[in-house]
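Dear colleague,

I am handing over the structure we spoke about, and below it you will find what came out of going through it. Please read the notes with the model open beside you.

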Amino acid sequence: MSKLNYTPVDEIDKIHAELSNTFKSGKVQPIAYRKYVLLQLGYLLKDNVSKFEEVLMADLGKPKVEVTLTEIGPSISEIKDTYSNVEKWAKPEKPGFSINYTPMRRVIYKQGKGIVLIISPFNYPINMSFGPIASAIAAGNTVVFKPSEQTPATSSLFAELFAKYVDPSVICVVNGGVAETSKLLEHPWGHILFTGSGRVGRIIASAAGKTLTPVTLELGGKSPVFVDPKCDLSMAARRIFWGKNLNAGQSCVAPDYILVPKDFQNKFIEALKAANDAFYPTPEAEANSIGRLVSPQAYKRLSNLLKSTKGTIAFGGRLDEATKYIQPTVVRDVSFDDPLMSEELFGPVLPIVPVDDIDEVIKFVNAHDHPLALYVFSQDNEVKTKIINSTQSGAICMNETMTHVGAEGLPFGGVGPSGSGHHNGKFGFDTFTHTRASLDPPGWLDMILSSRYPPYTDKKLKSISWLFPKLPARPTGPPAPMEGRSFTKWFLFALATIFAGLLTKRKILV
Ligand code: NAD
């Protein structure tokens, strides 16, 4: 295991002061400078692909295809998207027309929040860091980046390469564990973006509360998958099994467990087995295509859960403590109270929980923490709509797994215990941006606004009241039961209402 040099705790105050001064100096304000740093970030990755492949193999046994597909590729895409859009995103905005306020020359300026802190997890060390760093830079901030101590080779490489490619007074890597992070958290920040477990998320949120620092929490949890018998079965099995085993199951949005109608379990497991045999036709192909668990502790935790399940292993189940290897494993007939259902699995073990019907799925999902991702495999739009409308989750993804995380134009983030706030593209830029309101009313407006000044009189009260809008008419009954109507039904209903209104010559409310 490579050795990671921790940043001395007593240097952290100095680092915070230095990056705060850089922000105050205005160095990172010009868009041209931000774009320069963004490109440097891009080339930091592009020039060093083989070094990253090496360290990710050392830390996580990550296959090269996964390094490109899930780390370097998406990070370069996000940097490129941010680079191409930063001028547009950073442009001051004018709000829409308002009879009262348009003459007051309203402008929304976009400004950096200052020095921001980005704390990353071990599981996608590049992908979970470069997107947020790029967003923070594009928004005009300076950045302290705290990678995970659980990936020592990768975090060492970060320290070396960031110092080479980017001015360390603009982006500074602080390496370390609890002591170093705790020291960082004593300082106030423009923003903290934390990605990691809910347990540490609570520590971060309460420390940030002390300095009134705004926080984005990108957390995890158990992401369920509902498999409806009305689905494209082999596609569902392929996509679920791929998403489960990517990064050896150590993904915040990995399908954690399957909910499947009882009489469909056998068929679904057959399809999973077919996907398994296609992905890993030989033991060698399997060993080369699956990463390793990050640490002996992670291996022990998951292998203990697997050993204590009351379910039955359908296939897989080979364990190798020396290499922290767990074979892709499907466990069938798992009950809701099984040990495998007690915590986020974060490894290539897939429990299958047989259920009665979709209502039981909804009830179970709603009785637990809102997941970061909820997956539905179904070709039936009514099933999809029912689940969308009756559950909550960070994201809901139909007939696919994992891919929504980096999908351009979509926010990425949790809800409740799976996190708060977003990143990804413009959402990341907005996270690190202070939208600063500005008003610059001309002097002549006082002719209209003179009534606001004392001495107050009844006449002034009357003219002030005139400035504010009237509410629409009071409802005459309960709201019309519109929910769930198809467009045609809605249209016919609206037409009938208008027609009836005209006939009775009553006032129609729209
Ligand atoms: P973790 O919470 O253990 O560690 C994350 C970071 O917090 C690390 O940099 C670590 O050094 C720091 N840290 C650990 N203990 C701390 C303490 N006591 N005080 C201050 N800082 C501390 O998470 P992990 O094990 O690296 O990552 C796995 C977790 O992250 C999973 O729960 C996963 O679902 C979640 N995750 C979420 C996302 C997302 O985008 N929502 C992405 C990846 C991982």
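A residue is called buried here when its relative accessible area is under 20%, exposed when that area is over 50%, and partly exposed in between. Please keep in mind throughout that this is a predicted model.

By that cut-off Ser 251, with a relative accessible area of 2%, is buried. Ser 251 sits in the loop that joins helix H9 (233-245) to strand S8 (255-261), and, if residues up to four places away in sequence are not counted, it touches Asn 123, Tyr 124, Leu 246, Glu 344, Phe 346 and Met 402. Ser 98 is another buried serine, with a relative accessible area of 19%; it belongs to the loop between helix H4 (64-90) and strand S1 (106-112), where, leaving aside neighbours within four places in sequence, its contacts are Pro 103 and Arg 106.

Turning to the sheet, six strands make up an open arrangement in the order S4-S3-S2-S5-S6-S16, with mixed pairing. Strands S4 (171-173) and S16 (419-420) each have a single partner strand and stand at the edges, so one side of each is left without a neighbour in the sheet. Within the sheet, S2 (residues 115-119) and S3 (residues 142-146) run parallel and are paired over five bridges, and Ile 119 has Lys 146 in S3 as its bridge partner. Helix H8 (residues 198-211) lies across S2, S5 (191-195) and S6 (215-218), at about 170° to S5.

As for charged pairs, the structure holds 19 salt bridges. One of them joins Lys 110 and Glu 93 at 2.8 Å, N to O; because Lys 110 is in strand S1 and Glu 93 in the loop between H4 and S1, the pair ties together parts that are 17 residues apart in sequence. Lys 110 counts as buried at 11% relative accessibility, whereas Glu 93, at 37%, counts as partly exposed.

Finally, on the surface, Trp 444, Met 447 and Ile 448 form a nonpolar patch, with about 390 Å² of accessible area together. Met 447 is placed in helix H16 (residues 446-449) and is exposed, with a relative accessible area of 68%.

Technical notes
Residues are numbered from 1 along each chain as its sequence is written. This is a predicted model: local features need pLDDT of at least 70, side-chain atom pairs count only at pLDDT 80 or more; totals for chains, interfaces and linings use all residues. Side-chain values use heavy atoms; hydrogens and water are left out. Two strands pair if DSSP finds at least two bridges between them. Helices (H or I, at least four residues) and strands (E, at least two) are DSSP runs, numbered from the N terminus. Contact means heavy atoms within 4.5 Å. Axes are lines fitted to C-alpha atoms, for helices over the stretch in contact, and angles run from 0 to 180 degrees between N-to-C directions. Patches are made of residues with over 30% relative accessible area and no salt bridge: like charges are joined within 9 Å, nonpolar side chains (Val, Leu, Ile, Met, Phe, Trp, Tyr) within 5 Å. Accessible areas come from the Shrake-Rupley method with a 1.4 Å probe; for residues, only the protein chains shown count as cover. A salt bridge is a side-chain nitrogen of Lys or Arg within 4 Å of a carboxyl oxygen of Asp or Glu. Buried means under 20% relative accessible area, exposed over 50%, partly exposed in between (1.4 Å probe, protein chains only).
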